Amino acid sequence: MPLTPPRPLSRLAALLLAAALGIPAVALAQGEESLSAPVVLSRVDAHYPEGPPPARDVLSVLLVTVGVDGSVEEVATAESGGKEYDRAAREAVIQWRFRPAQRDGQPVRARIRIPFTFPAGGVGTAPGAASSATVSASSSAAAPSSGSASASVLVPASASSAPIPAPSGSSSSGGMQSATAGQAAAAAKALQPDPAVRAAETQAPQQVVIVGRSRPPSRGASDFQIELGKLREVPRKNAAEMLQLAPGILLTNEGGEGHAHQVFLRGFDAREGQDIEFTVGGVPINEAGNLHGNGHADTHFIIPEVVHSLRVVEGPFDPRQGNFAVAGSADYELGLDRRGTTVKYTRGSYGTDRILLLWGPRSQGRGTFGAAELFDTAGFGQNRDARRGSAMGQYEGKLGDKGAWRLTGQGYSASYHSAGVLREDAYRRGLVGFYDTHDFRQGGDASRFSIAGDLEQTVDDMRIRQQVYVIRNAMRMRKNYTGFLLDVQEPLQNPHAQRGDGIDLQVDSWTLGARGSSRSRTVIGGLPQELEVGYSARGDYGSGTQLRVQSSNAVPYGRDTDVEYSLGDIGLYGDLNVRPLSWLTFRGGLRGDLFTYNVLDRCAQDSVRQPSRTDPPGDASCLDQQDFGRYRDPTQRASTSQAALLPRASVIVGPFHGMSLSSSWGEGVRSIDPVYISQDLGTPFARVRAWESGVTFGGGLGNTHLVSRAVFFRTHVERDLVFSETAGRNTLADGTTRTGGLLSGRWSGSWFDQNANVTMVRSTFDDTNLLVPYVPDLVVRYDGSVYHDLPWRPAGRAVRATVGTGVTWVGHRPLPYGQRSDALFTVDLSGSLAWRNYEVGVAATNLLNRRYRLGEFNYASDFQTEAQPTLVPVRHFTAGPPRMLFLTLGVNFGGSE
Amino acid sequence: MRRLAPVALALIATTSSCVGSTGSEVVDFPVFAAGPVDSVAGSPYEFDTSAGYHVRLDRAVLHIGGVYLNRSRPVQGAQDTPCVLPGVYAAELTSGMDVDVLSPALQRFPAPANGTADRALAGEVWLTGGRVDATEDSTPILQFEGAASRESLSWRFEGVITIGTNRQITPSDPATPGANPLCKSRIVTPIPIDLTPRDSGALVVRADPRVWFDLVDFDQLEGAQGQGELLVVPDELEGQPATTLFQSLRSVSAYDFVWQ
């Protein structure tokens, strides 16, 4: 095949055009040749199979046929590393995307050889990975780019012995960009592309080592490792909505765009996080001591585009799970796949604008990135405007040959108004519109700034990890749940009418903490056995006030709460990973947590039966007198502590032909709100006991991959928390029990990714056997993405089309007083076209424009919609958003096409 | 089979998840008001009082601003409670109307009451035209006219009772300026009841004007001479007739709640 060198002018023009369009230089370089090899555009890391890491390095070499559309058409095993490891490698590689091999500028099929090395112990470099290309790429990719749950994998730099232009869009791109066109051509020649598709397996492959983060061993069927992958295309307005990829999760929000989501999970009303341990990269999100709800977790600061994966454990089954892991835990792992600089602008309904900047050097892994967003919306109804800004940055670096470090910084600030709840009867009588509000003073502000650093390294047979973090949170929330109901005339007060039940709540806190762990490994009976020990330590220092404000002028007239707190939580754990037989694994151990409280109540005295006649307290909220005018200081301090021991265990049988059986049992704990602390009385935390059994199937179906699960679970909570609209925060309730089951499945292939789950649960109070209100007993969720290159190729470049769909169905939720809510059904749809470095997308949320009630409540309120006070419980609701349309334009500079 | 067993178990165990209740239920029901059963519509209502008078009421119209059913009955000797206490109400009727209390016929309130199917132990009649905690309210709560006689003396009387600042009680203790809120003067409570509201059925509130006038000493009305002159009962807390009438108007024994 003769090679025709391009003419200088046309080359210059092409260079200029490429520079203008942000095409990587590598792509141009390839244009010099008439023959080029496939180039990795996007890569999915392989994961270790279930069970302990191997005692020795395992090499699995695959022969992969790359089609003209860049997808993986066929995978064969060239060199087996064992069935489980071959399968893990196949499952990863079928999700890879390539720029296809080209002959004279036309794509052709090609077969390439891809080795996967699974290093012993989970972290390390592979023997023989010492070529210059390897070293170069390794240093760049040494950052724990997998950022994902993967522990450590080897990915090929090329398909042949010659260095081939790197997967610039992948996290392992590294120095491979320096490969010359000549090298690329040499590689391409070695490929023997179609029509004579021929293996190049005789070529010794170049290898790139990626040192990744270790992934905690799975706890069975309720341990969901969720790679967003192409499901990222499903419309999601924030990171919280990604949780819906795990079964049984319903999100509502009665507080507005800047308000934390209320999360329901497996029969738990986790409110704004009280029952779920939220973390991002291991850094806690839950705010211990938050006055609005202990464990309050606002995830709005997470920019969705930089979430690489999620680990959701539905239950307290992992000894690493700490405070608030009652219903389970969710950990966001950050990472940016698309390298280069990406600029996106979104314009949407109701004056919604969003600017997003993303950048990640091509020479670094996905764990190194920066991201910033500005968001502004007028809102879809009265009093729903919001604006926020968020910035996140992370840098990952290599620490020797077997370690990595990471530094993460984040800042977020938001301001919003909130419509709050509407009385159903007022809406039906036409007094308010569906998207109106009863109180225009509702809204809030929130900010979060944090910095965290961690390192992970393998020393001998021990993998150690250490993380430290500092978090600053501030939150103001102005709510009115009950209108004009609670400000009753007290004898001590001067005569007044109802002034309004508006709440002005302010929380400021600092959190300092650290985590550390050590995982040791030995081999017994030819099978690796592990022991991990670790700790978590955090201190929360903050203050909280809740004022009552007049509806007419927002002037405070009363002080409900004024506390200053210092909270400590020291946890330690041991986790065994024992494998007596190749098909039998025991995992579990013991966790211990010590909670300490030191609370200064600045409003310790709020009433007096026999007030001073000469110096009556009048309307003061926090009193400095006892009976008959005796002085007392209005403040009072209380401190207490209590420890909890939490056993957790799992047994996993299998896999047999991809199927595993598992059963788990564990205890979890949720610390209590500081306002409930009494001197020297034990911290009345809530304890949960949970068990579950399930079956998991995971494996390939042709060139597709399927993971499905069925789980049966039961959970008991000793002292549950139920939100009180009158108190404006969570209050203690009796014990509750949840029993249910779920089915879930994710099926993915080279052009589709489908995820669906259904969860049914019955949640009851122990003493009455009545249903726990508000908790959905049926949740169905579907997320699907279909993507493929379109048949026409402008300028010789493929146009990739992607369609994403999200469907939510929630059954009639039980409400207080024997009521049931409306069923909830929404459809979200998105579509996008990507060509070269450009992308245009449209999205529609609530596509069917259903007028639905996102949240429904039954309680007493008086918004003065009747002639006389309304004092009995009636239906309230928060409106779900109507159909909203969004148009997004994006361009990438310096990344791959 | 092993694959299907857990699935089947989960399905069987959770089929009951969509049934069950959180307890109680929400109810709506009509509310009626009426005068004494032995009254005759369109005719004066005559009765003898404990004060020794024979009273003939020619007109008596009571404005009921609201009716509430309370789930708890105050314990005697317990600390005074505010006018309203959220969380203790089983039902409410928030739309008022004028009631001819000289007619035994059931007079239906314009809107139904709503509430929950919880046992109620105390009834409340709210005698107000505006908001119950408003400082001023000129709504005529009771309009009446009639005649009274004792031995050879007779009087004609009429009057209008409102409940506004004219009923404000000055606090005796400066330390508790809010001890006597006006709303307490507007709420007749606790009227002993024992009923559970249902969707089927109706609440009937009967007012008995005999109680209102039972202790009124007409002879103490200003200008009273017993010669059949027309006397006006003042709309303020002044003098035995006006004070007694107002206090009796707020007597729980003047009202009867019947579920039928």
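The legends below describe close-up views of a predicted model.

**View 1. The contact between chain A and chain B.** The contact draws 54 residues from chain A and 51 residues from chain B. Together the two chains bury about 4,300 Å², and carbon and sulfur atoms account for 63% of this area. On the side of chain A, the residues that lose the most area to chain B are A:Tyr817, A:Gln868 and A:Leu871, which together make up 17% of what that side buries.

**View 2. The side of chain A that touches chain B.** Five strands of chain A each supply at least two residues to this side: strand E34 (704–717), strand E37 (736–748), strand E38 (752–765), strand E41 (814–815) and strand E42 (819–820). E37(A) gives the most, with four residues. Sorted by class, the side of chain A that touches chain B holds 32 nonpolar, 14 polar and eight charged residues.

View 3. A:Arg366 sits in a loop of chain A, between strand E20 (352–360) and strand E21 (369–377). Is A:Arg366 buried or exposed? Its relative accessibility is 2%, so A:Arg366 counts as buried, because the cut-off for buried is under 20%. The side chain of A:Arg366 makes a polar contact with the side chain of A:His308, at 3.5 Å.

**View 4. The disulfide of A:Cys603 and A:Cys622.** A disulfide is a covalent bond that joins the sulfur atoms of two cysteines. The whole structure has two disulfides over all chains. In the one formed by A:Cys603 and A:Cys622, the sulfur atoms are 2.2 Å apart. The torsion about the S-S bond of this pair is about -100 degrees, so the disulfide is left-handed. Both cysteines lie in the loop between strand E30 (584–601) and strand E31 (636–656) of chain A, so the pair ties together parts that are 19 residues apart in sequence. A:Cys603 has 7% relative accessibility and therefore counts as buried. A:Cys622, at 23% relative accessibility, counts as partly exposed.

**View 5. The disulfide of B:Cys83 and B:Cys183.** The sulfur atoms of B:Cys83 and B:Cys183 are 1.8 Å apart, and the two residues form a disulfide. The link is right-handed, with 75 degrees about the S-S bond. Which parts of the chain does the pair link? B:Cys83 is in the loop between strand E5 (66–70) and strand E6 (89–93) of chain B, while B:Cys183 is in helix H2 (residues 182–186) of chain B. These parts are distant in the chain, 100 residues apart. B:Cys83 is buried, with a relative accessible area of 14%, and B:Cys183 also counts as buried, at 7% relative accessibility.

**View 6. Helix H4 of chain B.** How many of the ten residues of helix H4 (residues 240–249) of chain B are buried? Seven of the ten are buried, and the helix is mostly covered. The buried residues of H4(B) are B:Pro241, B:Ala242, B:Thr244, B:Leu245, B:Phe246, B:Ser248 and B:Leu249.

Definitions and conventions: Residues numbered from 1 in each chain as written. Chains lettered and ligands numbered in written order. Predicted model: local features only at pLDDT ≥ 70, side-chain atom pairs only at ≥ 80, totals over all residues. Heavy atoms only, no water. Contact = heavy atoms within 4.5 Å. Buried area = accessible area lost by both parts, 1.4 Å probe. Nonpolar A, V, L, I, M, F, W, Y, C, P; charged D, E, K, R; others polar. Buried < 20%, exposed > 50% of the residue type's maximum accessible area, 1.4 Å probe, protein only. Polar contact = N/O pair within 3.5 Å; in protein donor to acceptor, adjacent residues only side chain to side chain. Disulfide = S-S within 2.5 Å.
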